[in-house]
Amino acid sequence: MQNRKIFSFDLDMTLLDHAVYKITPSALLAIQKLKERGNIIALATGRNPENSDTKFFIDIVQPDAVIGLNGTLVKVGEEKLFEHFFDKDILRDLVKFIEGKDCALGLTLEDRDYYFNPQIVDEYDRKRWGKSFRKFYPPKDLFDLPIRTLTYVGPKEVAKDIEEKFPTLKLPLFAGMFGADVIEKTASKAEGLKLLCKYFSIDIKDTVAFGDSMNDKEIIDESGIGVAMGNSIEELKQYADYITDNIADDGVFNALKKFGFINI
C-alpha cells in the first residue's frame with residue numbers, strides 16, 4: 001500500500017466548475033477513491049469556509065481539513081489549528097488609497113457583503129453571472145469586524161499599484177483576471193499545508209496540490225507534486241510539476257489517474 005498522502009484541492013475552477021456551478025462528478029469520485037486508500041483530503045480555498053455557500057460545497061466534498069481564506073484559517077474538522085486577522089491600520093490606509101479609483105475592496109462575511117465602491121462588484125457580478133445577488137452592508141463595519149483576507153475587484157494595474165504601495169501585502173490575481181485576493185505576505189495556502197503536515201505527521205514531499213489561480217502559487221510550488229489545471233492562469237503553470245486538463249475535461253481525475261493515485 002502506498003504511503004498516506006495529503007491531497008489538497010482548490011475549490012473554484014479546480015473542483016467547482018463555474019460554467020455549471022457544480023463540483024465535477026469525476027473529481028468527487030476520485031476524491032472518494034483517495035479516501036478509501038487512507039489519504040487525507042484538504043480543501044484549500046480563498047473563500048471563507050464559515051460562509052453558507054462555501055459550507056455547502058465543503059459538505060459535498062467532506063474533506064478532512066480546510067485551509068481557508070488563503071491560509072489565514074486552518075481547520076481539521078471543527079478544530080482550529082491556526083487563524084490570523086488582517087491588520088486594521090493597513091485596512092484603513094488601503095481604503096484611503098482606493099478612493100476615486102475604479103475598483104472595489106471588501107469581503108463577504110457570514111453571507112453579508114461589505115465593499116467599498118460596491119457598484120463595481122455589482123457590475124462585475126452582472127457581467128459574470130447575469131444578475132446581482134449581493135446583500136451589501138455598510139463597508140465601514142469592516143473596521144470593527146474580524147477579517148482575515150480581503151477581496152479586490154478591478155483592473156490588474158491598480159492591484160499592482162497596491163502591491164507597490166503596501167509591501168507587506170500580496171494580491172494574487174484570480175484566474176478570471178477580474179480581481180485578486182488581498183493577503184498579508186505572512187499567510188499562504190502553503191503555510192496552511194505545512195501545518196497539516198505537522199498535524200498528521202506527513203512529510204511535505206508526500207503532498208499533492210491542485211489549483212488554478214495565483215493564490216495557489218506557493219502551495220503548487222512547495223507541495224510534493226503541484227498540479228495546475230489546464231484552465232489555470234498562465235503564470236501559475238510555470239510553478240507546477242504537471243499541467244492537467246481543463247476542469248470541464250476532468251482535469252483532477254485525469255491527473256490523479258496518470259500518477260497512479262487512483263485506479264479506476
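Buried stands for under 20% relative accessible area, exposed for over 50%, and partly exposed for what lies in between (1.4 Å probe, protein chains only). You are looking at a predicted model, where local features need pLDDT of at least 70 and side-chain atom pairs count only at pLDDT 80 or more, while totals for chains, interfaces and linings use all residues. Residues are numbered from 1 along each chain as its sequence is written, and side-chain values use heavy atoms, with hydrogens and water left out.

**Stop 1: helix α8**

A salt bridge here is a side-chain nitrogen of Lys or Arg within 4 Å of a carboxyl oxygen of Asp or Glu. Both residues lie in helix α8 (residues 234–237), 3 residues apart, or about one turn of the helix. Helices (H or I, at least four residues) and strands (E, at least two) are DSSP runs, numbered from the N terminus.

**Stop 2: a bridge across the chain**

The structure holds 20 salt bridges. For another one, select Lys-189 and Asp-10, whose closest N and O atoms are 3.1 Å apart. This pair links distant parts of the chain, 179 residues apart: Lys-189 is in helix α6 (residues 189–200), and Asp-10 is in the loop between β1 (6–9) and β2 (16–17). Are these two residues buried or exposed? Both Lys-189 and Asp-10 are buried.

**Stop 3: the two sides of α3**

Select helix α3, residues 88–97, and colour Ile-90, Leu-91, Leu-94, Val-95 and Phe-97, which are buried. They sit on the same side of α3, because they cover an arc of only 155° around the axis (the arc is that of the directions from the helix axis to the C-beta atoms). Show β8 (104–109), β9 (112–116) and α5 (156–165) too, which are among the elements covering these buried residues.

Next, turn to the face pointing away from the buried side, where you will find the exposed residues Asp-89 and Lys-96. Asp-89 has a relative accessible area of 53%. Its side chain meets that of Arg-92 in a salt bridge (3.8 Å, N to O), and Arg-92 is partly exposed at 35%. At the start of α3, a side-chain oxygen of Asp-87 reaches to within 2.8 Å of the backbone nitrogen of Asp-89.

**Stop 4: Tyr-242**

Move on to Tyr-242 in strand β16 (residues 242–243). Tyr-242 is partly exposed, with a relative accessible area of 24%. Which residues does Tyr-242 touch, not counting those up to four places away in sequence? They are Gly-226, Val-227, Ala-228, Ala-255, Lys-258 and Phe-259. Contact means heavy atoms within 4.5 Å.

**Stop 5: two helices crossing**

Finish with helix α1 (residues 25–36) and helix α9 (residues 251–258), whose axes come within 7 Å and cross at roughly 35°. Axes are lines fitted to C-alpha atoms, for helices over the stretch in contact, and angles run from 0 to 180 degrees between N-to-C directions. To see where they meet, show Ser-26, Ala-27, Leu-29, Ala-30 and Leu-34 in α1 together with Val-252, Phe-253 and Leu-256 in α9.

Definitions and conventions:
A polar contact is a pair of N or O atoms within 3.5 Å; within protein, one must be able to donate a hydrogen and the other to accept it, and residues adjacent in sequence count only if both atoms are side-chain atoms.
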